[in-house]
Amino acid sequence: MLEEISLIADVRSGVSARLAEPWKYCNSKALTNAQLDGFSAPASGLLIRGKRFRAIAAYMGWVSAAGPLRTGEIPDQLLDLGASLELFQTSALVHDDIIDNAIKRRGLPAAQIAFMTSFPMGGPRFGDSAAILWGDLLYAAANSYFSQAISTLSMENAHRASNLFVTMQAEVAYGQFLDLSAETRELSPDMPPSREAAMEIIKHKTARYSVVIPLLLGAALRGASDSLIEQLEGFATPLGVAYQLRDDDLGIFGDQELTGKPSGDDIRSGKRTAQLALAWEMTDDRGRDYLMRYWGAPDLTPPIIDNICAIITGSGARRAISDLMNEHLEQSQEFLDAMPCDTEVKRQLAAFGSSLVNRAS
């Protein structure tokens with residue numbers, strides 16, 4: 001698992017130290033850290049928490065290009081990139097929680113709830129509006145740390161890294177739109193949930209920005225060849241899909257104490273996940289009727305969520321998702337086996353992949 005990878009604790013602590021100063025590179029005489037800290041205060045706890053998977057992915061990309069790091073000194077530019085990726089992810093989560101009407105994130109109130117609670121006279125509309133603006137601020141902070149990360153690169157390498165970074169931002173927006181638009185479609189025998197559509201959402205909304213592009217950015221920062229970038233993309237693409245399939249499983253079956261958000265959240269928000277698509281295919285008419293009635297319904301209760309979980313499990317859909325995760329993990333390993341990397345690098349990449357898929361939170 002991650003603990004098997006050298007210097008992971010140093011990556012986490014170095015990135016976390018930067019996240020304690022999120023506005024370091026986007027303040028000015030006209031806009032001070034104190035002012036931005038005051039704006040951020042209601043939801044700032046969301047930045048402190050997090051597993052730092054994207055920063056670790058960037059580290060693994062760097063290691064793939066440079067070989068294993070054997071000292072306790074993580075390059076500053078790599079930690080700046082890690083902070084940038086974590087800030088961007090938090091920005092995306094803030095906006096995602098507004099879209100989904102989520103109330104919890106990382107074991108804390110979602111940003112819009114935190115702002116509404118801090119300014120109770122404003123009500124829900126103020127909470128949503130303030131959270132949108134805070135997400136935009138985090139987006140600016142992410143860009144500022146990214147600019148710092150590439151500031152010493154050659155023009156060619158900086159351009160390549162910048163292309164990856166803006167592509168990641170565009171893909172998340174597009175994937176989020178696919179996710180949002182899928183939820184507007186009626187769930188019925190005439191319009192059944194589509195496995196292909198669910199996998200397309202996974203590819204764009206999460207797999208690329210959670211695993212693939214962070215890994216490529218880390219390698220690009222170290223000056224990796226085009227050939228290595230291509231090989232890493234082959235390794236990371238099925239791994240990113242497996243990562244999100246696990247995330248969706250945790251969104252339905254996960255322990256709230258570990259995931260930091262209520263179990264069954266994806267059911268409440270009506271997400272068109274692969275779990276839903278496979279359960280629809282594999283259950284009977286009675287099960288499909290129940291899914292049509294309650295998937296995304298406003299009157300969900302814990303017993304109803306339990307019944308939906310029973311349909312997913314009893315139909316064999318959860319097992320099929322597990323098999324699909326393992327298939328993608330095996331595809332990733334096949335790419336890794338063929339890569340001309342240092343043996344220790346391969347071991348670390350394999351441990352990284354296993355940790356993403358076999359996690360409980």
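## Side-chain interactions in a predicted model

Ile202 is part of helix H9, which spans residues 195–221; helices here are DSSP runs of H or I with at least four residues, strands are runs of E with at least two, and both are numbered from the N terminus. The model is predicted, so local features need pLDDT of at least 70 and side-chain atom pairs count only at pLDDT 80 or more, whereas totals for chains, interfaces and linings use all residues. Residues are numbered from 1 along each chain as its sequence is written, and side-chain values use heavy atoms, with hydrogens and water left out.

### The surroundings of Ile202

With a relative accessible area of 3%, Ile202 is buried; the term buried denotes under 20% relative accessible area, exposed over 50%, and partly exposed the range in between, for a 1.4 Å probe and protein chains only. Leaving aside residues up to four places away in sequence, Ile202 touches Ala207, Val241, Gln244, Leu245 and Asp248, where contact means heavy atoms within 4.5 Å. Gly175 stands 27 residues from Ile202 along the chain, and the C-alpha atoms of the two are separated by 7.6 Å.

### Salt bridges

The structure holds 20 salt bridges, each defined as a side-chain nitrogen of Lys or Arg within 4 Å of a carboxyl oxygen of Asp or Glu.

| Glu86 | Arg52 | 3.9 Å |

In the salt bridge between Glu86 and Arg52, Glu86 belongs to helix H5 (residues 76–100) and Arg52 to the loop between helix H3 (45–48) and helix H4 (53–66), so the pair ties together parts that are 34 residues apart in sequence. Both Glu86 and Arg52 are buried.

Asp179 counts as buried at 4% relative accessibility, and Lys205 counts as buried at 14%.

Glu183 is partly exposed, with a relative accessible area of 21%, whereas Lys271 is buried, with a value of 6%. Through salt bridges that share partners, Asp96, Asp97, Asp100, Arg105, Asp179, Glu183, Lys205 and Lys271 are joined into one network.

### Cysteines

A disulfide is a covalent bond between the sulfur atoms of two cysteines. The structure holds zero disulfides, the criterion being a pair of cysteine sulfur atoms within 2.5 Å. Cys309 is buried, with a relative accessible area of 12%, and Cys341 counts as buried at 18% relative accessibility.

### Aromatic rings

A pair of aromatic rings is described by the distance of the centres and the angle of the planes. Rings of Phe, Tyr and Trp (its six-membered ring) pair if their centres lie within 6.5 Å; planes under 30 degrees apart count as stacked, over 60 as edge-to-face and the rest as tilted. By this rule the count is nine aromatic pairs.

The ring centres of Tyr25 and Tyr145 are 5.0 Å apart and the planes stand at 80 degrees, so this pair is edge-to-face. Tyr25 lies in the loop between helix H1 (8–19) and helix H2 (33–40) and Tyr145 in helix H7 (residues 123–149), so the pair ties together parts that are 120 residues apart in sequence. Tyr25 counts as partly exposed at 31% relative accessibility, while Tyr145 counts as buried at 1%.

For Phe39 and Phe115, the centres are 6.1 Å apart and the planes lie at 50 degrees, so the pair is tilted. Phe39 is in helix H2 and Phe115 in helix H6 (residues 111–118), so parts that are 76 residues apart in sequence are tied together. Phe39 counts as partly exposed at 29% relative accessibility, and Phe115 counts as buried at 2%. Ring pairs link Phe39, Phe115 and Trp134 into a cluster.

### Charges over rings

Arg54 lies over the face of Tyr209, at 4.9 Å from the ring centre; the rule requires NZ of Lys or CZ of Arg within 6 Å of the ring centre and within 35 degrees of the ring normal. Arg318 lies over the face of Phe253, at 3.9 Å from the ring centre.
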